[in-house]
Amino acid sequence: MGSPIVLGIESSCDETGAGLVRDGVLLGHAVASSMAEHARYGGVVPEIASRAHLHALRPVVRQALEEAGLRLADIGAVAVTTGPGLSGALQVGLAGAKGIAYALGVPLYGVHHLAGHVAADTLEHGPLPAPCMVLIVSGGHTSLLLVRDLARDPIAHLGDTLDDAAGECFDKVARVFGLPYPGGPAIDRAARAGDPRAAPFPRPLPGSYDFSFSGLKTAAARWAEGHAGRELPVADGAASLQEAIADVLTRKAVAACREHGVGTLVVVGGVAANSRVRSLAEERCRAAGIALRVPPLRLCTDNGAMIAAVGDLLVRAGAEPAPLDVSIDPSAPLEYAALHPGATARTVAARTVAARTVAARTA
């Protein structure tokens, strides 16, 4: 008999997701998005997102179970995003996950949202090589990570967002260009008809693995202002912006692989769906002899399958479940895949000792 079936619940922003994973295999998943409700405001409205999660949580769990041909009673563990994300949205998901776990008498695992993005790739390509380089590019986060055992080991940060993340830059510049929200897909579509060399946008922080896209956003806004009184060549601006972001992301990721002797680069997160980021990553990894892994588009954006994937890894690694007093941390840093905010000092100490013991055994 294999591992228990893990139900994963994701509600950190504007997607309500449920996924079912067992032994690294995705059995079924469903996502409900409230993006259309936020589009009129040009960004996510936390209260609207929270209310949307309340309405969508039960239906997406039911839909995921139906897709997998399973019943609620078949679930052997529940994993849920406990941070980072919007406070109210996270609370909805956690409350639902606690209710299901309690009713079924199964363990509950708190999961870091960004670790979920990393684990999403395993559902398509199998276990992650140890070590591997991971480039996370999502709406609010851009990070370059050295990952060993995702379920057991601490995650090493080589570089992180200092101000605007790549996804934020896409959204904000799209608004300046008169394109709709969300900005990433809108920029990608507009860029197809543009010249990526039309605007000499800067490449921020060339000598560092950290990321800063605030200056690039400002440069794009100034470029648009320079066309006052004339028609703005949106396609050229979009193509140039997209090229600058893709260039920075892939150049730093490949350089980090070379410096650390890592043979696999994994690119995950919502911005990993961008066509130019994917194509330039493929081009540069091929030239450097680096294996590239990118999840399919359906697993790049927020979803419950990725949270279930982390839960499945934690279960198979023998990780401690979350205590009953687990809470949320809307701004939690990514240190470990498991995230159990609000745990008592005794619980945290026990988990630390257990993690060190496992690390010593696997060293």
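This is a predicted model: local features need pLDDT of at least 70, side-chain atom pairs count only at pLDDT 80 or more; totals for chains, interfaces and linings use all residues.
Close-up 1. Strands (E, at least two residues) and helices (H or I, at least four) are DSSP runs, numbered from the N terminus. Residues are numbered from 1 along each chain as its sequence is written, local features need pLDDT of at least 70, and side-chain atom pairs count only at pLDDT 80 or more, whereas totals for chains, interfaces and linings use all residues. Side-chain values use heavy atoms, with hydrogens and water left out.

**Close-up 2. The strands paired with β9**. Four bridges join β6 to β9, and these two strands run parallel; strands pair if DSSP finds at least two bridges between them. L135 has V267 in β9 as its bridge partner. Three bridges join β9 to strand β10 (residues 291–293), again in a parallel arrangement, and T264 stands opposite A291 in β10. From β9 the chain crosses through helix α10 (residues 275–288) to β10 in a β-α-β crossover that is right-handed, a term which applies if, with the strands pointing away from the viewer, the path from the first strand over the helix to the second runs clockwise.

**Close-up 3. Helix α6 and its buried face**. The buried residues of helix α6 (residues 166–176) are A166, G167, C169, F170, V173 and A174. Seen down the axis of α6, these residues fall within an arc of 155°, so they line one face of the helix, the arc being that of the directions from the helix axis to the C-beta atoms. They pack against β6 (132–137), β7 (142–147), α7 (183–191), α8 (214–225) and α9 (234–260), where contact means heavy atoms within 4.5 Å. After α6 comes G178, whose phi is positive, near 80°.

**Close-up 4. D153 in the loop between β7 and β8 (156–159)**. D153 is buried yet has no salt bridge, and R148, the nearest side chain of opposite charge, is 5.9 Å away. A salt bridge is a side-chain nitrogen of Lys or Arg within 4 Å of a carboxyl oxygen of Asp or Glu; Lys and Arg count as positive and Asp and Glu as negative, while His and the chain ends are not counted. Leaving aside residues up to four places away in sequence, D153 touches R148, E335 and Y336.

Terms used:
Buried means under 20% relative accessible area, exposed over 50%, partly exposed in between (1.4 Å probe, protein chains only).
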